[in-house]
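Please keep the sequence and the structure in view while reading.

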Amino acid sequence: MTSLPFDIYSNIVQEFEVNDDDDREAIRTLSLSCRAFLPLCQKILFSRIDFRSKRKSTAHIAKFDTILNESPHLADYVLYLSYMMQYDSEDLWTNLSAMGRILSSLTHLRSFYLSWLSTQKLIFFDWSSLKDPRADDFCDAIEKVLRSDHLMHLRIPDMKNFPFFSFTDRAALLDITEDGPSSIKLGIAVPAATNAIGRRSPQSSVKVQTYSVGTRSWPRRMIEIKVGGQTCLRSPSSSIPPLDFSSTRFAIISVHEHIHSVEAEKVLRCAHSLEQLSYEVRSSKYLQGFGQALLSGCASTLTVLHLTTTIEADEDPLEGVKEELHVLAGHMNFGSIITRTRYPQLKYLNLHFLVTKLSSPLIGTAGEEGEEELEERSGLTLEDIDKQHLSYLKTVMSIEGLEVEYLSAIRMVYVSR
């Protein structure tokens, strides 16, 4: 071994990517080259464990269970674990028993991803269906992991009646992503304080710092309820705790149907501390009520508004948008959106207009076929659409002190102070 400081070797090893097959093989080889390298390499090799293989999960779980039994110190190196339950598998109970032992030993786990697979084509997996003595150790181990102070990230897709409170009770502020019904990703942004004996008080709701919803599909209908005098939103069909948006600073909201906009506006009305908002609607008509919802919520705190809407090629791109912008501004003048005292903190406004049924020409891969399809469908060329949309946007583009960037076929308009 050379005379280089040991921390130099440590830094080099940490640059390897555990998800890359070549890097993993290189780490294995390095671990055999010198006894001193073995702990460094093991920390990388065992930092991420993935049991989501459909074919080999049983063998992998059994092998890892044996490894931890023979070398228990390796459990401390596991920081990320993903496991997919194959609910109809004949090995289900054997796997759950082994996973119970594995999870109980992972005292330093920071991220946990639990999913499921069924041949019955179920929409959701009901956690309460595991009320079987053969699953007791596994369920107890899950509760232990969720209550561990080390666990900071949790992802649970399409699962009902999961014990989320065991995780959320540890958070003063959460980052939340909901991308489908009963599908949620949680991250503890600020841990909850403990009392004199190291315990935390149970929470009847969870405070949200960053919220992302609807990017895949709208997750659920949300009901307004009062928790400790604060308006929160909860789902009647989900075990996800009521969400308190009063401390939310950042939000990304995607609206695909009109009914989704009704639910989205509930979030906006509750978000009194919102600073940055990215709001996307499938159609500009879904924006009706958006401006008033913002005024009811974050009028004094919003600094950045990123608004995206989809339009037909021959539509006025500001149709449906301008009415809501007028509500925000309080004037029939787009320039006042930025400077109007109703939104004293608003510094940046982004407007993105996406043209439907023209994906090929608009994403930088335009060719003869895309333009021919456009002309056949609408009788318009890309040049025609450019001229048409530029005439629609002349009001915005003439505002003194604003910078406007126009991309071909009105893919994007960017307006900033």
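Contact here means that heavy atoms lie within 4.5 Å. On that basis, residues 24 or more positions apart account for 68% of the contacts in the chain with a separation of 6 or more. The model is a predicted one, and its secondary structure comes to 15 helices and 18 strands. Of the 417 residues in the chain, 48% are buried.

**Helices H5 and H6**

- Helix H5, which covers residues 92-105, and helix H6, which covers residues 136-147, have axes that come within 8 Å and cross at roughly 25 degrees.
- Angles under 35 degrees count as roughly parallel, and H5 and H6 are therefore roughly parallel to each other.
- The crossing that H5 and H6 make is left-handed.
- On the H5 side the meeting residues are Leu96, Met99, Gly100, Leu103 and Ser104, while H6 brings Asp137, Phe138, Ala141, Ile142, Lys144 and Val145.
- Sorted by class, the contact of H5 with H6 has seven nonpolar residues, together with two polar and two charged ones.

**Strand E5 and its partners**

- Strand E5, residues 153-156, has a covered face formed by Leu154 and Ile156, whereas His153 and Arg155 form its uncovered face.
- With strand E3, residues 111-117, E5 pairs in the parallel sense over three bridges, and in this pairing Tyr113 stands opposite Arg155 of E5.
- With strand E8, residues 183-191, E5 pairs in the antiparallel sense over four bridges, and the bridge partner of Arg155 in E8 is Lys185.

**Helices H8 and H9**

- Helix H8, residues 258-270, packs with helix H9, residues 290-297, at an angle of about 25 degrees, and their axes are 6 Å apart.
- That angle makes H8 roughly parallel to H9.
- The contact is made by Glu265, Leu268 and Arg269 from H8, and by Phe290, Ala293, Leu294, Ser296 and Gly297 from H9.
- By class, the contact of H8 with H9 has four nonpolar residues, two polar residues and two charged residues.

Methods: Residues numbered from 1 in each chain as written. Predicted model: local features only at pLDDT ≥ 70, side-chain atom pairs only at ≥ 80, totals over all residues. Heavy atoms only, no water. Axes fitted to C-alpha atoms, helices over the stretch in contact; angles between N-to-C directions. Helix = DSSP H or I, 4+ residues; strand = E, 2+ residues; numbered from the N terminus. Parallel < 35°, antiparallel > 145°, perpendicular 65-115°, else oblique. Left-handed = near helix turned anticlockwise from the far one by under 90°. Nonpolar A, V, L, I, M, F, W, Y, C, P; charged D, E, K, R; others polar. Buried < 20%, exposed > 50% of the residue type's maximum accessible area, 1.4 Å probe, protein only. Pairing = 2+ DSSP bridges.
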